[in-house]
Amino acid sequence: MTGLKPPPLRNDCFALPAGVDWTPVDTALAMLRDRLAPVTGVGTCPVPQALGRVLAADAVALRSSPPQANSAVDGYGFAGAVPEGAHVLPLHAGRAAAGVPFDGVLPAGRALRVLTGAALPDGVETVILEEDVTSGEGEIAFRGPLKRGANTRKAGEDVSEGAVVLPAGRRLTPADLALLSSVGIAEVVVRKTLRVAILSTGDELVEPGASAGPGQIHDANRPMLCALTTRLGYGVQDMGRVPDDRTALRATLDRAVQEADVILTSGGASAGDEDHVSALLREAGTIQHWRIALKPGRPLALGMWQGKPVFGLPGNPVAALVCALVFARPALAVLAGEGWTEPQGYDLPAAFEKRKKPGRREYLRARVRDGRVEVFPSEGSGRISGLSWAEGLVEIGDAACDIRPGDPVRFIPYGSFGL
Ligand code: AMP
Ligand code: MG
């Protein structure tokens, strides 16, 4: 009998410790937003190769689009408007086609064959759709009314020369490549691709597929974080697994800063004996331990290693993914030269019940079926299968809640996070 008592059991092991401040998610995000800045260099890239690249300067139209007024349909062009009633116009010789302009001026009171995309010749202001015309020997007949300019596109109606078509910070989409091309831009000024070093920590980890002894588990975070990084459009430097050994971890971080702009680690980010990511960052004097009011999430260790930011994600794969999506994703975007972005969520009726106390935000693994948001039956943070079952996250605000089936909840599809 030593008189030593075990600590009392806690009903809610996530209860906020008395007298300790927990940072709300939005405050933590605002801090990241304020403190981070682009770290990548700038170069040029031909537009056809620029998918997924981040603009480093505004893209300015070199030419209006369309460059000249043209026909929106296949049909017949003439001057002015026509009133209500039947009309017959003599057909002029020749035609105007896309890329093959009509060389001349169409006299008033006559019609000319024009095709979609053809520059409007002098004397053509209005086009009647070919389906609305009967054509005879040298003339056409149709019914009005038709406004002046009907079925035509004005020069510059989409974009005028000199306009900013896409702002600096834009990550280029397939549609953007069409827009840039349409206004005569062949080359854009872009950021170099952000390089992200990724490593896992923990003595218990073995490589996926390797034989695992007692107490060992396969490294699940590294394939996930490497794939996430690739999906987000960044370059991956896979730094492998590191045992719970400070010297080995230091050496790996030293290598990582040579090869990458930012480092993502998982595991070892708490304040325990084997939490060497925290310990090393603390030693380097740069750690910020973020006690974020988030489930699943804690702990998150943010620090600098030789001038490069380190995101120490939790080891638990569910928490690692949620923290990566909620915190690392927008942070990496800023480092990569994109602006701050918030994932688009949608308010949809819940297909579940959920009660919680105030003070902490929660993200549940969720998907939408028949217009209602379902959540994974277990909130257990070790349930990796739930990450895979889910098609997004449902965000439950910091306040207390008592959600009943049918109540609106905020669903954020994985796609909104860029996955
Ligand atoms: P830690 O944050 O290092 O204390 O790890 C928390 C939990 O996550 C422990 O159960 C670890 O075994 C587990 N874990 C840590 N890293 C990984 C990983 N890369 N893959 C799968 N599980 C992990
Ligand atoms: Mg560990």
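1. Start with Ser200: its bridge partner in β16 is Arg241. Two strands pair if DSSP finds at least two bridges between them. Helices (H or I, at least four residues) and strands (E, at least two) are DSSP runs, numbered from the N terminus.

2. A quick word on what you're looking at: this is a predicted model, where local features need pLDDT of at least 70, side-chain atom pairs count only at pLDDT 80 or more, and totals for chains, interfaces and linings use all residues. Residues are numbered from 1 along each chain as its sequence is written, chains are lettered from A and ligands numbered from 1 in the order in which they are written, and side-chain values use heavy atoms, leaving out hydrogens and water.

3. Now zoom out to the sheet. It's open, has six strands in the order β16-β13-β17-β21-β20-β18, and its pairing is mixed. At the edges sit β16 (235-242) and β18 (288-290), each pairing on one side only.

4. Helix α4 (residues 246-259) lies across β13, β16, β17 (262-266), β20 (300-305) and β21 (308-313), at about 170 degrees to β16. Axes are lines fitted to C-alpha atoms, for helices over the stretch in contact, and angles run from 0 to 180 degrees between N-to-C directions. Contact means heavy atoms within 4.5 Å.

5. Last, a helix pair: α1 (residues 25-35) and α6 (residues 317-335) pack at about 20 degrees, axes 10 Å apart. They are therefore roughly parallel (angles under 35 degrees count as that). Val25, Ala28, Leu29 and Leu32 in α1 meet Val326, Phe327, Pro330 and Ala331 in α6.

Key:
Parallel < 35°, antiparallel > 145°, perpendicular 65-115°, else oblique.
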